[in-house]
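Here are some notes to read alongside the model. Take them in any order, and keep the structure open as you go.

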Amino acid sequence: MSDHIDRLLARMTLEQKLGQLNMVDGSLPHNGHAALEDDIRAGRVGSVLNVYGAPTRALQRIAVAESALGIPLFFGLDVLHGHHTIFPVPLAEAGAFDPNLWRLTARAAAEEATGDGVDLTFAPMLDVSREPRWGRIVESPGEDSLVASRYAVAKVQGFQGDDLSRPDAIAATAKHFVAYGAVIAGREYASVDISERQLRETHLPPFEAAVRAGVAAIMPAFNDVAGVPMSAHRALMRKLVRETWGFGGVMLSDYNAVAELAAHGLARDAGEAAALALDAGMDIDMHALAYPRALPAAIEQGRATVAQIDAAVRRVLRLKQALGLFDEPFRRSGAAPLASARRAEITALARDAARRSIVLLRNDPAILPLARDLRRVALIGPLADAPLEMLGPWFAAAGIDGHISIREGLEAALGRGRIGFAEGVPMTADDASGIPDALALARQADVIVLALGEPKTLTGEGNSRGHIGLPGRQRDLAEALFALGKPTVTILTHGRPLALPWLFAKPGAVLATWFLGSQAGHAIADVLIGATNPGGKLAITWPVDVAQIPIHFAERATGRPGRPDEHFTSRWIDLPLEPQFPFGHGLSYTTFEISELRATPFAPRIGDAIEVEATVRNTGGTAGEETVFLFIRDPVATIARPKLELKDFVKVMLAPGEAQPVRFALTTDDLGYLDADLTPRIDPGDIDILIGPSADAKRLMRTTIKLVAPLA
Ligand code: NOJ
């Protein structure tokens, strides 16, 4: 079959070759379908983004039946967290800390999207981020590199399965390579200036994990890293990813990013930009048209070579081959609709994923789960009856019907008669005129359920926020309702941690529900009534104030550890040192106790396996699931290491009173680090092993092992 590619390549003109490297936006009116069809017929387009369903069949027919070489197109779409059925946004789903769930939702999304003719998704997004101002943190698996690496593997496996040629397999794209989550001041598309250490310790590992899992494509990020825009970053794209990691798949640019090399100040014109990107290893130019328009002249001027183009075309054709498109170009666009039983399973999965992504931030006094004999619930707030808001900023092919609002979910769970609803205030506008009606409703009720948050339009791409509180007059509404002194449950809808210290100081319950997707309302109701015991945890540290950012558990030890009341220590004089909630925080309707931590052997030789074990007991009256995190700390090393490094996490489901052992398997490699020269190293000596329900230092149990040098 690679003969087939060789033969094709030998017959291709330069224009046809550049066509294979050209990805066109099929949704744009100015690119209207007549022009797009002509370009496909002429072999000037290799792939199309932003179309799905019937148009994929029509365009594919032109490519295979009417173009000179009959090379099939592939179709790419942003299927981030669901296609027709929307699952929780990545930052929410990461908090389920369950790789199997991550895999299952990707699999379901792949089945739905491939049925619509989509061959490749621009996901998973693997940008580790500690920057809640950045709108795209909603798409990220959170602040930790190990979590993001496991997420990468699960998503690649879920999307691609083990055979990319299957009609229900979708090629995955690891994006955005790399460190986009660290844009300066959280400002979208801004520069990234981090140390090579931080890059290698934190941002690169999830991409390496994706490559090892066989990811089909990688999308370099919009940003520069220390001055080099990623779309032209030869050292990272070509040297590291291709040569060191051995990535043989396709590098595809972000939208218009090749042309934007000029705005970065790297190129005078599209020709220079295209030559730089190609040389760095970029195979496909998304939307910029810089490759087809400018590379012919660049070749004549000696700035690019046909050999570079051939290598890129070969990779694109190999992807098409792996997707099975040469054998059956319509294998995805012609797929039979999913059977109704499978559709029902996917709906149930969406509800389950949503329930498991909810984080109970606070329940004091314990008003959740709601008492069964409640007579009247006042459901108030601009996010209460907003089904499309539940989907978050990426909603692929979700359509407008069939998504469950909080109101609909609660009505289904408790009966319409028990729910009174008032919007109170709009989501963002400066309008408090509805507050009196909301108060009147609340006065009649036994409990207030308050649905607040940020609308999806304030999150996602292009939506960095400097103030990460509630927009509009939502706080006024909340303060007025709290003043009634009634039991109040606040349900937050959001794409980032919101700095709301005033809210967390009020009595009552608060749930972080992010954007939970199509089944949001049912999932939230399940948790409110106690049909589900919440077990979600924060995949990101939750700040008290925007000024604490970046705040995360992996900060390095300093020479003067912060003490709140002591001058000349590492602290703020006007802000707490602690976050609002640590990484891993998440309450349950039951309580757990972790005990009997032991690690064996006590003195492992470098190279040995280490087993860590502890007992988790459900000490409350409800069945529930606990997540146990394992961190290490190296008290003496040749560099200052992070105060905590996450090495593993496990989940355990326990009946009331039940105890079970949890086991973690480590290797001594897990204890190593990059030394001052960034060379991997493992030192003999003490290593602390800490386990607990979150990164909260007060709740971690510790044991110490003593690494010994290998026998000579
Ligand atoms: C720009 C975004 O950065 C990227 O994540 C997305 O895949 C492309 N647009 C295509 O929609």
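**Notes on a predicted model**

1. Let's start with Asp 634. This is a predicted model, and in it Asp 634 has a relative accessible area of 9%, so it counts as buried, the cut-off being under 20%. To find Asp 634, look in the loop between strand 19 (624–633) and strand 20 (645–654).

2. Which residues does Asp 634 touch, leaving aside those up to four places away in sequence? They are Arg 641, Tyr 673, Asp 686 and Ile 687. With Arg 641 there is a polar contact too, side chain to side chain, at 2.7 Å.

3. Now to the ligand. Around it you'll find Leu 49, Asp 78, Phe 122, Arg 136, Lys 175, His 176, Met 219, Phe 222, Asp 254, Tyr 255 and Glu 461. Sorted by class, that shell holds five nonpolar residues, five charged ones and one polar one.

4. Next, some backbone geometry to check by eye. Most peptide bonds are trans, and most residues other than glycine have a negative phi. The bond between Asp 364 and Pro 365 is cis, with omega at about 0°. Pro 365 sits in the loop between strand 11 (359–364) and strand 12 (377–380).

5. Another cis peptide bond links Ile 549 to Pro 550, again with omega at about 0°. For Pro 550, go to the loop between helix 19 (520–529) and strand 17 (592–600).

6. Ala 185 isn't a glycine, yet its phi is positive, at about 60°. You'll see Ala 185 in the loop that runs between strand 5 (173–177) and helix 8 (196–203).

7. Leu 289 is another non-glycine residue with a positive phi, near 60°. Its loop lies between strand 10 (285–286) and helix 12 (290–300). Leu 289 has 24% relative accessibility and therefore counts as partly exposed.

Terms used. Residues are numbered from 1 along each chain as its sequence is written. This is a predicted model: local features need pLDDT of at least 70, side-chain atom pairs count only at pLDDT 80 or more; totals for chains, interfaces and linings use all residues. Side-chain values use heavy atoms; hydrogens and water are left out. A residue is near a molecule or strand if one of its heavy atoms lies within 4 Å of it. Ala, Val, Leu, Ile, Met, Phe, Trp, Tyr, Cys and Pro count as nonpolar, Asp, Glu, Lys and Arg as charged, and the others, Gly among them, as polar. Helices (H or I, at least four residues) and strands (E, at least two) are DSSP runs, numbered from the N terminus. Buried means under 20% relative accessible area, exposed over 50%, partly exposed in between (1.4 Å probe, protein chains only). A polar contact is a pair of N or O atoms within 3.5 Å; within protein, one must be able to donate a hydrogen and the other to accept it, and residues adjacent in sequence count only if both atoms are side-chain atoms. Contact means heavy atoms within 4.5 Å.
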